[in-house]
Amino acid sequence: MISCHRLLRALPAFALMLWGGAAAADPVADIVAKALADGWSYQFLSDLTTEIGPRMAGSPAARQAAEWAKIRLQQAGFDEVHLESFPVTNWTRGAESAEIIMPSRQHLAVAALGQSVATPAAGIDAQIVLFKSFQALLDMPPGSLNGKIAVVTQRQVRTQSGSGYGAIVGMRVTGASEAAKRGAVAYLIRSVGTDNHRLPHTGVMSYAKDAPRIPAAALSNPDADQLERLIAKGPVSLHLNLASESKENAQAVTVVGEIRGREHPEQVVLLSGHLDSWDLGTGAIDDGAGIAIAAGAARVIAGLQQRPKRTIRVVMFGAEEIGAASKAYAEAQGAKAANIAIAGESDFGARKIYQASLPNAVAGTAFGKQLAAALLPLGVDLEKTPARHGGSDLEDLAEGGVPFVQFDQNGSDYFDIHHTADDTFDKIDAGELAQNVAVWASFAWLAADSDVDFGRLPSGTGSRR
Ligand SMILES: [Zn+2]
């Protein structure tokens, strides 16, 4: 009779691998099954949006959220969790109102844009000049808007990819200074959003150094329509009152958790989203969902019998909405960014992923084929073209050469509630959220339990949409 020890020695290596357990034979199928059945991300998102709520960068609530998330990751089996702080300007919304005062008195639904200065306490009363496109305002000469409230009512186009947002968001970010250069005393835009509700969409704006700082706010879509119809009949005057405040040198907090690799712990597969949110809603789709997906994907892997070869790092960026986290993280990483094999960010809500794209270096390789086979059962196509944008918090890392993966989600209705008071937990579909977790977990496992070289990006390319 042959001893057990001798039997083991007699078996070929591949048989031993199979003998190691069914899970080891197809870890991705195991990961997908666990991710789809796992309610951790959904519960994380429910608790974050319920217990903390809105999380403006640099606010006490954002700090509280970071401490809270740190404990959640520790409880979820992460090997190491820590917080990283960096200075930001904390902007706070105050009372805000607008009304038509001529030709008839009518209330308007408005929301100040993030970083906007306040109006004088008594508010601003002025006639409006209305432009149906941002370009029409840009075509005006200096002085042409003296003493007026400039209103731009260009409309965001609805697309599955969300491309209509990038095409128009410049009017929100740079428009106030452009209007001020032409003499305007305040600036209003049609909300950058695709809904027809009276909930305005906030979002960040910034002031040019060479223009007076004038208050800026977004009108809800129906209110912008109302002004378009009214101005066609004759002059219109508005009253605008915004009481926002800015506090310099507040601290934003990024949360970092790691599942340490078993062979190359210094090599990192980075999954991310952003912890900060706007103040109007509770930041469920933007971007509580993204951090719930990234952390949930890593947690599924933490629950396996064996760690992957490389480290999986989850980063919950602390100041995406005001555009401050990307640079802060890349600077804090410095030369260590060279250890990031690949990075990705989930920041487009919780609808299903329909396609994926990889860096050029691995498109069409065995890794690409492996990933394509893993994602197809989840309804995801692997694109043949390289990833174009990894997420706004990864832009500075990408500038420094860090390659990124891109997962495109169905964004058809994302901009109906993005940056509005309606960005709340009830909008999340548990099944669609779980599909995201399964996709990210499959990718994270395949990328981390391999030696594949994702290459480095040439500087200045591929990082910005
Ligand atoms: Zn976001």
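Reader: Where does Ser346 lie, and is Ser346 buried or exposed?
Author: In this predicted model, Ser346 lies in the loop between β13 and β14. The cut-off for buried is under 20% relative accessible area. Ser346 has a relative accessible area of 3%, so Ser346 counts as buried.

Reader: Which residues is Ser346 in contact with, leaving aside its neighbours within four places in sequence?
Author: Happy to list them, starting with the loop between β13 and β14 as the place of Ser346. With neighbours within four places in sequence left aside, the contacts of Ser346 are Ser272, Gly273, Asp287, Gly290, Ile293, Gln409 and Trp440.

Reader: Which residues are the protein donors of the zinc ion?
Author: The donor atoms lie 1.9 to 2.7 Å from the zinc ion. In sequence the donor residues follow the spacing H-x11-D-x60-D.

Reader: Why does the arrangement around the zinc ion count as irregular?
Author: Four donors count as tetrahedral if all angles lie between 85 and 135 degrees. Here the four donor atoms subtend angles of 52 to 148°, which makes the arrangement irregular.

Reader: Which parts does the pair Asp286 and Asp347 tie together, and how many residues apart are they in sequence?
Author: Good one to trace on the model: both Asp286 and Asp347 are buried. Asp286 lies in helix α12 (residues 284-302), while Asp347 is in the loop between β13 (340-345) and β14 (353-357). The pair therefore ties together parts that are 61 residues apart in sequence.

Reader: Which residues line the largest cavity, and how much space lies in it?
Author: The count comes to one cavity of 30 Å³ or more. Its lining is made of Ser277, Trp278, Leu280, Gly281, Gly283, Asp286, Glu321, His419, Thr420 and Asp423, and the lining residues divide into two nonpolar, five polar and three charged. The space in the largest cavity is about 50 Å³.

Reader: How many residues line the second largest pocket, and which of them lie nearest its centre?
Author: The second largest pocket has a volume of about 360 Å³. The elements giving two or more residues to its lining are β1 (80-92) and β10 (245-259). Its lining divides into ten nonpolar, six polar and three charged residues. There are 19 lining residues, and those nearest the centre are Thr89, Gln115, Met205, Ser206 and Arg213.

Reader: Is Gln115 buried or exposed, and what is its phi?
Author: Gln115 is found in the loop between β4 (110-112) and β5 (124-131). With a relative accessible area of 18%, Gln115 is buried. Gln115 is not a glycine, yet its phi is positive, near 90°.

Reader: Where is Asn249, and is Asn249 buried or exposed?
Author: Asn249 sits in strand β10. Although Asn249 is not a glycine, its phi is positive, at about 55°. Exposed means over 50% relative accessible area. Asn249 has 66%, so Asn249 is exposed.

Reader: Where is Pro103, and what is omega for the peptide bond from Met102 to Pro103?
Author: Pro103 has its place in the loop between β2 (96-102) and β3 (106-108). The peptide bond from Met102 to Pro103 is cis, with omega near 10°.

Conventions
Residues are numbered from 1 along each chain as its sequence is written. This is a predicted model: local features need pLDDT of at least 70, side-chain atom pairs count only at pLDDT 80 or more; totals for chains, interfaces and linings use all residues. Side-chain values use heavy atoms; hydrogens and water are left out. Donors are N, O and S atoms within 2.8 Å of the metal (3.2 Å for Na, K and Ca); water is not among the atoms, so sites may look incomplete. Four donors count as tetrahedral if all angles lie between 85 and 135 degrees; four count as square planar and six as octahedral if opposite donors are over 155 degrees apart and all others between 65 and 115; anything else is irregular. Helices (H or I, at least four residues) and strands (E, at least two) are DSSP runs, numbered from the N terminus. Buried means under 20% relative accessible area, exposed over 50%, partly exposed in between (1.4 Å probe, protein chains only). On a 1 Å grid over the protein atoms alone, a cavity is a set of points where a 1.4 Å probe fits but cannot get out, and a pocket is an open set with protein on both sides within 12 Å along at least five of seven lines; lining residues have an atom within 4 Å of a point. Grid points are joined across faces, edges and corners, and a volume is the space filled by probe spheres set on the points. Ala, Val, Leu, Ile, Met, Phe, Trp, Tyr, Cys and Pro count as nonpolar, Asp, Glu, Lys and Arg as charged, and the others, Gly among them, as polar. Contact means heavy atoms within 4.5 Å.
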